[in-house]
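Please keep the sequence and the coordinates at hand while reading.

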Amino acid sequence: MLTLFLILFPAVAATLIFFFGGERAKQGALLAALAELACAGYAFFSFKPDASSQFAFDYPWIGSLGIRLSAGIDGISVLLVLLTGLLVPFIVLSTFNRTYKQPATFYALMLFMQAALMGVFTARDGFLFYLFFEAALIPIYFLAAMWGGDNRIPVTFKFFVYTIFGSLFMLVALVYLYYQTPPTAVAAHSSAIADFYKLNLTPQAENWIFWAFFIAFAIKMPVFPFHTWQPDTYVESPTPATMLLAGIMLKMGVYGLIRFILPIVPLGVETWGKTAIILSVIGIIYGAIIAIRQRDMKRLIAYSSFSHVGLMAAGVFSQTETGMQGALIQMLAHGINVVGMFFVADVIFSRTNTRQLDQLGGITQSTPKLTVYFMIMLLGSVALPLTNGFVGEFLLLHGVYTYNHYLGLAAGFTIIFGAVYMLRMFQKSMFGPTTSRTESFTDLTNSESWVFIPLVVMVFWIGIYPHTFLKVTESAVANLMKYIGTTAVSMK
Amino acid sequence: MLPIILLSVFGIALLFLGFMKSKAILLPATLLFLLVTLAVNFLDWNKTYLYFNDMLRVNNLAMVFIAIVLGSAFLVVALSGSFIENDEAQPAEYYGIILFSLVGAVMMIAFENLIMLFVGVEILSVAMYVLTGSDKRNLRSNEAALKYFLMGAFTTGIMLFGMALLYGATGSFTLAGIGGYAASQQGLSLLLYVGLLMLLIGLLFKVSAAPFHFWTPDVYDGAPTIFTAFMSTVVKTAGFAALFRLLSVSFVGVYNFWWTILAIITAVTLIIGNLTAAYQNSFKRMMAYSSISHAGYLLIGLAALGAQTKQAIVFYSLAYSVATISAFGVLLLVAQQKNTQTISKEGISTENFDAFNGLARQNPLLGFAMTVSMLSLAGIPLTAGFWGKFYMFSTAVERGQIWLLVVAVLMSAVGIYYYFRVIIAMYFRDGAAEPIRVAPFYKYVLLAATILTLGLGVAPGLLQGLF
């Protein structure tokens with residue numbers, strides 16, 4: 001039942017804020033998001049680390065078709081539920097020094113987004129998953145297109161059409177899978193994801209279903225060459241929307257790979273997994289190289305995110321337990337880091353009105369707090385040991401390396417390139433002589449500090465004691481490996 | 001068959017009401033008549049009757065279709081308030097014709113004998129020709145009516161020819177008789193196939209499937225908007241109900257013959273409807289092509305005729321009708337206010353997408369209603385349109401027609417493009433939109449349509465017990 005609350009509460013809060021929020025929308029949204037965080041935190045800490053689905057609910061939805069409203073939290077969902085609960089209050093808090101026009105609509109859309117994301121990460125029914133997967137797109141589209149930059153309309157439109165185009169293929173695959181399921185007690189077919197896992201599909205079917213799913217998720221993440229919507233959308237969106245996109249929404253794609261592709265079409269992964277990893281690795285290197293050349297901070301972070309998510313995809317497709325575990329914990333870590341980085345860019349932009357690196361410099365001189373937080377976030381992003389990025393990237397690289405040494409080596413460049421572009425950004429913006437724009441730079445305000453503090457705590461917590469997070473995913477991942485293992489064995 | 005009798009009587013009554021000085025009573029009277037008919041329609045629930053010497057067969061499915069048609073008519077009439085202010089308009093005649101046309105629609109839905117199908121199609125069509133040309137002083141309206149009439153009359157001829165051939169082949173006009181012959185598998189006369197094809201051409205013309213769609217854009221564009229809304233919903237629903245009854249009762253036996261033809265028509269309809277809609281600058285023309293494309297989605301269910309088809313067609317027609325009416329309802333208000341409906345000398349209408357610029361900021365309710373209906377037509381989840389597409393796609397998957405599905409999916413993506421142009425114009429573009437005064441009743445109708453769309457989107461199972 002807790003899951004139902006996690007999904008419904010933000011939606012109800014959003015509706016209330018939309019109609020009655022007025023000028024107090026900001027505070028209301030923060031309050032609601034903190035309450036949601038408390039629930040997500042409770043779910044995380046009282047989660048029993050086994051493979052079962054907990055706090056679940058299950059109601060008939062379209063009875064005669066066997067489609068159910070069914071959701072719960074298992075070891076694969078739990079970190080993402082935590083991430084969604086954790087980031088939203090601080091994304092809301094990060095807007096406290098800004099005023100957006102029509103605040104009630106703005107914050108209501110953010111909470112709607114959170115509700116949809118919670119639904120995506122907890123759905124146990126294939127069609128319910130699809131519903132939330134698409135529903136998450138609508139609030140973010142309006143957020144980006146109503147409050148974005150000058151070029152927002154064509155850019156967000158491309159984003160919207162591109163992603164929905166991808167998910168339509170997923171819908172076809174889901175309907176196909178649905179019709180393959182055997183009759184249940186109440187209906188001729190079942191759309192429970194667990195029933196999809198049990199299917200024995202023909203190799204041809206597995207191959208095309210692999211692509212139907214992969215295109216949907218690859219566009220969402222994005223994986224090379226489906227990434228062309230991403231940098232522009234990230235740059236044109238208002239920063240809170242960018243944080244939602246990069247921090248949480250991108251994880252829908254990686255989550256989908258783990259939840260759907262690996263267990264449902266293991267033969268498809270067998271055949272096409274290598275192609276997928278190669279595409280991911282190309283994305284890692286390509287994104288990193290472009291990031292090095294960027295002058296706009298937001299665009300740089302966008303490409304870095306593109307590069308990082310490539311590694312997660314590669315780790316998942318390595319079909320190893322470490323790769324999968326790494327992907328799960330890296331999703332949490334990357335969400336935290338990328339939100340921190342975008343917030344740094346936003347803080348700098350709010351004071352200097354520019355994000356161009358060559359117009360910045362010398363900010364450290366007047367901002368001890370910002371410098372420290374920026375540095376910590378940055379170290380997390382470049383995967384320094386004892387920070388959160390290290391745990392995830394190490395496990396991911398280990399997974400890819402086990403799968404194929406050369407690909408592991410190529411993917412390893414992410415750490416070197418990551419250090420190059422991140423440190424370059426830090427150096428250009430924070431060190432050197434001050435410019436006309438950065439002369440009167442003021443340090444963080446209290447509300448801004450309170451965005452960073454919990455993120456920094458998480459960076460070190462995951463970095464120093466990842467066991468808290470790894471232990472909850474362990475048995476679910478092991479369980480998932482069984483589906484991959486059995487088919488691989490039966491092949492031989 | 002009370003609805004037919006009631007609608008005829010009410011229609012005549014309306015004509016007499018037109019003699020009264022005040023026109024104000026006409027609209028509420030029509031709405032009341034429609035509600036009474038709608039209630040009476042359900043008297044035969046869970047029973048199957050043959051009426052008028054086996055001419056009509058009423059079952060639950062027919063009643064559901066009749067209810068959709070009457071409900072659509074109710075919504076359209078409820079949105080037609082502007083006739084009162086217009087001196088040229090003849091509301092009594094319009095409402096009378098609408099009720100008469102519904103008699104035709106009911107016959108098309110409940111026919112058991114091909115003669116009834118023909119009479120129904122004719123009653124509905126002739127009424128439509130008149131309504132299309134009802135804007136007497138408008139060249140475009142006249143042109144549309146003439147075009148519709150000439151092409152409609154021609155295809156009706158083809159349809160009648162087809163029926164004659166079917167009679168020649170089977171010796172029967174009833175669905176059961178033809179079905180019995182077609183199921184006999186061997187020694188089927190060639191006349192049966194030719195007759196079926198000709199009959200299909202007639203009906204596909206009415207639902208504007210490609211390549212019989214050429215009349216649609218001009219007619220939809222030229223007709224007064226309120227009648228475009230009526231045409232694009234009632235005629236389509238009745239047409240698909242007739243097609244479904246015809247194919248599922250009489251021609252299941254020769255499914256292998258007609259499904260490929262229908263599947264190709266479906267693909268062509270989807271492609272032409274969607275791609276052409278994407279190039280339109282006028283909202284009304286876009287809606288015309290979009291209605292062609294929706295005929296394509298509905299045809300998927302027929303080409304993949306199976307256990308799911310019934311449900312799919314009912315759900316889709318309902319979702320489509322509600323969303324279309326609410327879209328046209330908003331267009332009516334916007335056009336009235338901007339006075340863009342005044343046709344320039346060259347006869348070019350100016351109901352462009354630009355008319356919606358900045359609408360949502362000044363009129364949040366209109367913006368929201370329009371957004372929901374566009375999302376529903378585009379098939380985005382949490383709206384009824386999504387489940388409509390879902391059911392349709394399911395039928396195709398069940399029959400293994402994956403290639404058709406791929407076409408449909410690609411075209412859905414195109415659909416999102418043109419439906420979102422409206423949303424973008426309303427929310428993100430700046431325009432000189434002023435607050436539009438919306439009558440309370442009008443507001444409730446739009447709200448009801450919006451809530452219905454969202455409600456069916458969240459709980460599509462609601463309709464399930466119905467048939």
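The sections below cover confidence, the chain interface, the nonpolar core, helix packing, and some backbone features.

## Model and confidence

The structure is a predicted model. Chain A has a mean pLDDT of 87, and 98% of its residues reach 70 or more. In residues 486–492 of chain A the pLDDT is below 50, and this stretch has 4 contacts in the model beyond near neighbours in sequence.

## Interface between chains A and B

The interface brings 20 residues of chain B into contact with 24 residues of chain A. On the chain B side, the elements that give two or more residues are helix 16 (384–399) and helix 17 (402–428). Helix 17 of chain B gives the most, with 10 residues.

The side of chain B that touches chain A consists, by class, of 15 nonpolar, 4 polar and 1 charged residues.

In soluble globular proteins, nonpolar side chains tend to be buried together. Here the largest nonpolar core has 372 residues, and A:Ala136 and B:Ile109 have the most contacts inside it. Helix 13 (residues 309–338) of chain B supplies the largest share of this core, 19 residues.

A:Ala136 lies in the loop between helix 5 (126–135) and helix 6 (137–147) of chain A. Is A:Ala136 buried or exposed? A:Ala136 has 26 C-beta neighbours inside 10 Å and therefore counts as buried, the cut-off being 20 or more. Leaving aside neighbours within four places in sequence, A:Ala136 is in contact with A:Met113, A:Ala116, A:Leu117, A:Val120, A:Met249 and A:Met252. The C-alpha atoms of A:Ala136 and A:Phe112 are 7.8 Å apart, and the two residues are 24 residues apart in sequence.

## Helix packing in chain B

Helix 4 (residues 91–110) and helix 10 of chain B pack at an angle of about 20°, with their axes 7 Å apart. The two helices are therefore roughly parallel to each other, because angles under 35 degrees count as such. Helix 4 of chain B contributes B:Ile98, B:Ala105, B:Met108 and B:Ile109 to the contact, and helix 10 of chain B contributes B:Phe230, B:Val234, B:Ala238, B:Ala241 and B:Ala242. The residues of this contact divide into 9 nonpolar, no polar and no charged. B:Ile109, named above for its contacts inside the core, is in contact with B:Ala62, B:Phe65, B:Ile66, B:Val69, B:Ala238, B:Ala241 and B:Ala242, leaving aside neighbours within four places in sequence.

How do helix 5 (residues 114–132) and helix 10 (residues 225–250) of chain B pack, and at what angle? The angle is about 170°, with the axes 11 Å apart, so helix 5 and helix 10 of chain B are roughly antiparallel to each other. From helix 5 of chain B, B:Leu117, B:Leu124, B:Met128, B:Leu131 and B:Thr132 meet B:Phe227, B:Met231, B:Val235, B:Ala238 and B:Ala242 of helix 10 of chain B. By class, this contact has 9 nonpolar, 1 polar and no charged residues.

## A buried helix residue in chain A

A:Ala313 is found in helix 13 (residues 297–317) of chain A. A:Ala313 counts as buried because 28 C-beta neighbours lie inside 10 Å. Apart from neighbours within four places in sequence, A:Ala313 is in contact with A:Met221, A:Val223, A:Val254, A:Leu257, A:Ala276 and A:Ser280. A:Val281 is 32 residues from A:Ala313 along the chain, with 8.8 Å between the C-alpha atoms.

## Backbone features

Most residues other than glycine have a negative phi, and most peptide bonds are trans. A cis peptide bond joins A:Phe224 and A:Pro225, with omega about 0°. A:Pro225 is in the loop between helix 9 (203–220) and helix 10 (230–236) of chain A. In chain B, a cis peptide bond joins B:Ala210 and B:Pro211, with omega about 0°. B:Pro211 is in the loop between helix 8 (190–206) and helix 9 (215–222) of chain B.

A:Leu386 is not a glycine but has a positive phi of about 75°. A:Leu386 lies in the loop between helix 15 (368–381) and helix 16 (388–403) of chain A, and is partly exposed, with 13 other C-beta atoms within 10 Å. B:Asp54, not a glycine, has a positive phi of about 65°. The loop that holds B:Asp54 runs between strand 1 (49–51) and strand 2 (56–58) of chain B. B:Asp54 counts as partly exposed, with 13 C-beta neighbours inside 10 Å.

Conventions
Residues numbered from 1 in each chain as written. Chains lettered and ligands numbered in written order. Predicted model: local features only at pLDDT ≥ 70, side-chain atom pairs only at ≥ 80, totals over all residues. Contact = placed C-beta atoms within 7 Å. Helix = DSSP H or I, 4+ residues; strand = E, 2+ residues; numbered from the N terminus. Nonpolar A, V, L, I, M, F, W, Y, C, P; charged D, E, K, R; others polar. pLDDT = per-residue confidence, 0-100. Axes fitted to C-alpha atoms, helices over the stretch in contact; angles between N-to-C directions. Parallel < 35°, antiparallel > 145°, perpendicular 65-115°, else oblique. Core = buried A, V, L, I, M, F, W, Y, C linked by C-beta atoms within 7 Å. Buried ≥ 20, exposed ≤ 12 C-beta atoms within 10 Å, placed from the backbone.
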